[in-house]
Every structure is written in structure tokens, then in C-alpha cells.
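Good morning, and thank you for joining.

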Amino acid sequence: MAEQLRYDNQVVVVTGAGNGLGKIFAKFFASRGAKVVVNDLGGTFNGKPGGKSGNAAAVADVVVREIKDAGGEAVANYNGVQEGEKIIKTAIDAYGRVDILINNAGILRDITLRNMKDEDWDAIMEVHVHGSMRTARAAWPHFRKQRYGRIINTSSSAGLFGNFGQSNYASAKFALIGFTETLAKEGAKYNILANVYAPGAASRLTQTVWPPEMMEAMKPDYVVPLVAILAHSSCKESGSIFEAAAGHFSKIRWERSKGFLAKPDESLTADVVLRNWDKVVDFRNAEHPSAVFDGVALLEQANKLPANTGGERLNFKGRVALVT
Ligand code: NAI
């Protein structure tokens, strides 16, 4: 049998660990030797007060109890992820360090754009985007100091592809992709790895939309292996996007068509670009970029273009700051 991945003496913070995926992750890491901060404010699935599943701190306590009963180590934290610094403080106060952060807490406020209220948009951004940022920002100095850290952010297929009635949620989940890709770049020299994944699993969030047979089949346990790998010290991935559901694991990447490159002697008009549209949208020989455009190459190309675009010819002689 293959050796088990273990996390002995490592401290894992799992946000939203009172239910669903987070609960499974917290129990998994504890069973493999980690000390776990079980964060959850015990909210409802939509983050609104009340409701039968919004029973305050109890959910985090239940998970901590289950971990301890099984011989593991865990401590509860009841703050909202919007107060991420308090969650990380719980880890430092209890265990003196933090090694792994799983930004998992989440809510839904599904509604079409036509009916979207500011509060539906803001609540989703607060929990998913601001919450993940504040928790990661609080963990960052500890990761840097110890030159070690693992961050796993939680996106969604709605974020990757869009989904009817989820423009708020999809936007927040897509924001976490840019966030992760940037953290991977900022963390590289400190051995801080950041990855993002889109899960699919039966939980409070999916029970309103999935049929019973799907709820039965799509166990959150099937997502664990990916999170286990990305959180481990042996992980080599960073800035990557994954999917995990029903025992299927895959990686998503960007694809840029080879595109149409205007020639120096060619008029740069919409007509010209339109005549070459098949090249713009042709994905044969595509590239798979993982950084922003190279500023120097862009400038070189732009300087070759004629001044017949309705504007002045770019003739910039100064320094170019590469922002990669
Ligand atoms: P869940 O509703 O079972 O668990 C989420 C937990 O987060 C709850 O215990 C809730 O109390 C907690 N939470 C909510 N707001 C919080 C806040 N402000 N601070 C701290 N805790 C908070 O949901 P599930 O399905 O386990 O979702 C986990 C993550 O996976 C979420 O980010 C969700 O958006 C994402 N996701 C889940 C999918 C699925 O198929 N289950 C699909 C795509 C994404």
C-alpha cells in the first residue's frame, strides 16, 4: 500500500469547517497528525440570520469534539472569515504557528442580475473574496517568516464558466482565481504555494439544486485527495486551478489563440481585424500563458505599427516596467 500523506506537527486552518467539505477536510487533516483550527460561525447557507441550520457556534464545537474523540487535536474559532486575522490569531495562540490555510467558507445568494440587490452582491463578495483575502493576509507574515506556507482557495465551476442566476457568486469565485495566481507569484520565493480548486460535492449548498440521487452519490470525501495533495509539503503546484468531484480530478489552464498579428505595412482598422477573425479565434497552435503580457515585446510590436489608426503612432523611448 502506498505511504500515507501526513501533516504531523503542522497547523491547518480550515474556514467554514462546521459543515460540508470543510468538516471533512478538518477531520482528515486531524487524522493525519495535524493540529486543526476549526473555523465556523454557524451561519445559514445564504448568510442571512436565522434558519434551521444557522445555530451559531455549535457546528465548530461539534467538529472539534469529533476530532478529539478520535484522538486528534483541534480548536474552535467562531469568527466570520471577514475577520480573518482573528482566525489566524486562534492558530497562533493555540499552537504558535500556521502552515496550511484552506479558505473554504462560503454562502450562496442565487438571483438573476435583473433582481440582484446590492446586498446580495456585497454579502457574497464579503464572505468569499474579502474573507479569503483577510485570512490569507493574516497568515502571510507567518508563512514568510517560516518560509513555508500552503494556501488552498475554493472556487467553483460557476466561477470558471458562469452559471444562470449566479453572477454574484461566479464573480466572487472567479476573483479567487486571480487572487490565487497572484499569491503564487508573490509567495514563490518564500516557499508559499497557493492553488485554487472547484469542488463538486453534496452539501447544504448543493441540496437545493441537486436531485436526491446526486446528493447520495457525490460524497465530499471524494474531494479530499486533491486538497490533501495541494496542502502537503511535497506539493510542487502553485498558481494552478483544479477541479475535483466524484473521484474525477483535473487541471484547468488558460489558452490563448495564436491570434492575428497586424503587419507593419497593414492598416490597423476594424475591417482588417474582421477579415482576419478566423485567426483571432483559431485555437490551433494555441499558447498557454501563465503571466501577463511581456511589456517589452508588446512595445516592440506596437512601435512597428503605422500611424493610421486614428491616433498617434506610439513612439515611447522611456523605460518599461515589467509587471510580471
Ligand atoms: P456548506 O454550507 O456545507 O459549508 C460552508 C460552511 O461555511 C458552513 O458551515 C457555514 O456556516 C460556513 N460559513 C459561511 N459563511 C461563513 C463566514 N462568513 N465565516 C465563517 N464560516 C462561514 O457548503 P460546502 O458545499 O461545504 O461549501 C464549501 C465551499 O465550497 C464554499 O466556498 C462553496 O462555495 C464551495 N463550493 C462547493 C460546491 C459543492 O458542490 N459543494 C461547488 C462549488 C463550490
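Which pocket does the space taken by the ligand correspond to? This is a predicted model, and in it the ligand takes up the space of the largest pocket.

Let me begin with the ligand itself. There are 32 residues around it, and D40, N104, Y169, A201 and S203 come nearest. For G43, a polar backbone atom is 3.1 Å from an oxygen atom of the ligand. Taken alone, the ligand exposes 830 Å², of which the protein buries 97%.

By class, the shell around the ligand comprises 11 nonpolar, 18 polar and 3 charged residues. Its largest share, 3 residues, is supplied by α7.

I turn now to the largest pocket as a whole. Its volume is about 1,000 Å³. The lining counts 47 residues, with G106, L108, Y169, S203 and L205 closest to the centre. Elements giving two or more residues to this lining include α5 (157–161) and β7 (241–245). The lining divides into 18 nonpolar, 23 polar and 6 charged residues.

Finally, the second largest pocket has a volume of about 490 Å³. Among its 20 lining residues, E181, K185, G239, P289 and S290 lie nearest the centre. Here α6 gives the most, with 5 residues, and the lining holds 8 nonpolar, 8 polar and 4 charged residues.

Definitions and conventions. Residues numbered from 1 in each chain as written. Predicted model: local features only at pLDDT ≥ 70, side-chain atom pairs only at ≥ 80, totals over all residues. Heavy atoms only, no water. Near = heavy atom within 4 Å. Polar contact = N/O pair within 3.5 Å; in protein donor to acceptor, adjacent residues only side chain to side chain. Areas by Shrake-Rupley, 256 points an atom, 1.4 Å probe, with all protein chains shown as cover. 1 Å grid on protein atoms, 1.4 Å probe; cavity = no way out; pocket = protein on both sides within 12 Å on 5 of 7 lines; lining within 4 Å. Sits in = over half its atoms within 2 Å of the grid points. Helix = DSSP H or I, 4+ residues; strand = E, 2+ residues; numbered from the N terminus. Nonpolar A, V, L, I, M, F, W, Y, C, P; charged D, E, K, R; others polar. Points joined across faces, edges and corners; volume = space filled by probe spheres on them.
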